[in-house]
Amino acid sequence: MLDLQKIEFRETSYPGVGIAFLRSDRATGYAAVLIRMAPGCSYPRHRHKGFEEVFVLEGSFSDELGSHGEGESLRYEDGSVHGPYVPADGRTCIFYAISQEGIDLLDKT
């Protein structure tokens with residue numbers, strides 16, 4: 001059984017957003033990661049290079065496509081744009097993501 005509370009997340013430059021790299025290849029942009037987002041926090045809008053597969057393990061997050069909760073699987077196609085966030089009244093969200101070729105940040109703040 002995976003204990004999500006024992007995962008060591010590295011804090012990002014975005015408040016309340018942590019990441020744990022499981023696999024990555026800087027040359028291709030491939031990454032398999034766990035991402036944790038606290039209530040009221042977000043990740044900047046970005047465009048996918050290649051597809052991204054996401055599986056929500058705990059809590060939920062929202063983006064331009066709606067709200068995505070525990071057990072939900074999503075696929076963002078090449079060129080798709082979104083900005084995931086956890087509502088302030090939500091609970092911490094942890095999801096597993098595989099990014100084929102990385103992303104381009106659209107909001108650099």
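User: What stands opposite G18 in β3?
Analyst: In this predicted model, the residue of β3 that stands opposite G18 is R36.

User: And how many bridges join β2 to β3, and which way do they run?
Analyst: Eight bridges join β2 to β3, and the two strands run antiparallel; another of the pairs has R23 with A32 of β3 as its bridge partner.

User: What about the hairpin of β2 and β3, how many residues are between the strands?
Analyst: There are four residues between the strands of that hairpin, and within the hairpin G29 takes a positive phi near 90°.

User: How does β3 pair with β10?
Analyst: β3 pairs with β10 in the antiparallel sense, over seven bridges, and A31 is found opposite S99 of β10.

User: Is β3 mostly covered or mostly exposed?
Analyst: β3 is mostly covered, with six of its eight residues buried.

User: Which strands form the open sheet of six, and in what order?
Analyst: The order is β1-β2-β3-β10-β5-β8, with antiparallel pairing in an open sheet. The edges are taken by β1, residues 10-11, and β8, residues 73-76, each of which pairs on one side only.

User: Switching to the open sheet of three strands, what is its order?
Analyst: That open sheet has the order β9-β4-β11, and its pairing is antiparallel. Its edge strands are β9 (81-82) and β11 (103-105), each pairing on one side only.

User: How many bridges join β4 to β11?
Analyst: Three bridges join β4, which covers residues 46-48, to β11 in an antiparallel arrangement; in one of the pairs, H48 has I103 of β11 as its bridge partner.

User: Now the largest pocket: what is its volume, roughly?
Analyst: The volume of the largest pocket comes out at about 710 Å³. Its lining has 31 residues, and those that lie nearest the centre are I19, F21, A31, Y43 and I103. Two of these have come up already, A31 as the residue opposite S99 and I103 as the bridge partner of H48.

User: Which strands supply at least two residues of that lining, and which gives the most?
Analyst: β2 (17-25), β3 (30-37), β5 (52-58) and β10 (93-99) each supply at least two residues, and β2 gives the most, with six.

User: What does its side chain make a polar contact with?
Analyst: The side chain of H68 is joined to that of D63 by a polar contact of 2.9 Å, and a polar atom of the H68 side chain also lies 3.3 Å from the backbone oxygen of G66.

User: Which residues is H68 in contact with, leaving aside its neighbours within four places in sequence?
Analyst: With those neighbours set aside, H68 is in contact with V56, G59, S60, F61, D63, L74 and Y76.

User: And G69, where is that, and what is it in contact with?
Analyst: G69 is in strand β7, residues 66-69.

User: How far apart are G69 and C41 in space?
Analyst: Their C-alpha atoms are 16 Å apart, and G69 and C41 are 28 residues apart in sequence.

Definitions and conventions:
Residues are numbered from 1 along each chain as its sequence is written. This is a predicted model: local features need pLDDT of at least 70, side-chain atom pairs count only at pLDDT 80 or more; totals for chains, interfaces and linings use all residues. Side-chain values use heavy atoms; hydrogens and water are left out. On a 1 Å grid over the protein atoms alone, a cavity is a set of points where a 1.4 Å probe fits but cannot get out, and a pocket is an open set with protein on both sides within 12 Å along at least five of seven lines; lining residues have an atom within 4 Å of a point. Grid points are joined across faces, edges and corners, and a volume is the space filled by probe spheres set on the points. Two strands pair if DSSP finds at least two bridges between them. Buried means under 20% relative accessible area, exposed over 50%, partly exposed in between (1.4 Å probe, protein chains only). A polar contact is a pair of N or O atoms within 3.5 Å; within protein, one must be able to donate a hydrogen and the other to accept it, and residues adjacent in sequence count only if both atoms are side-chain atoms. Contact means heavy atoms within 4.5 Å.
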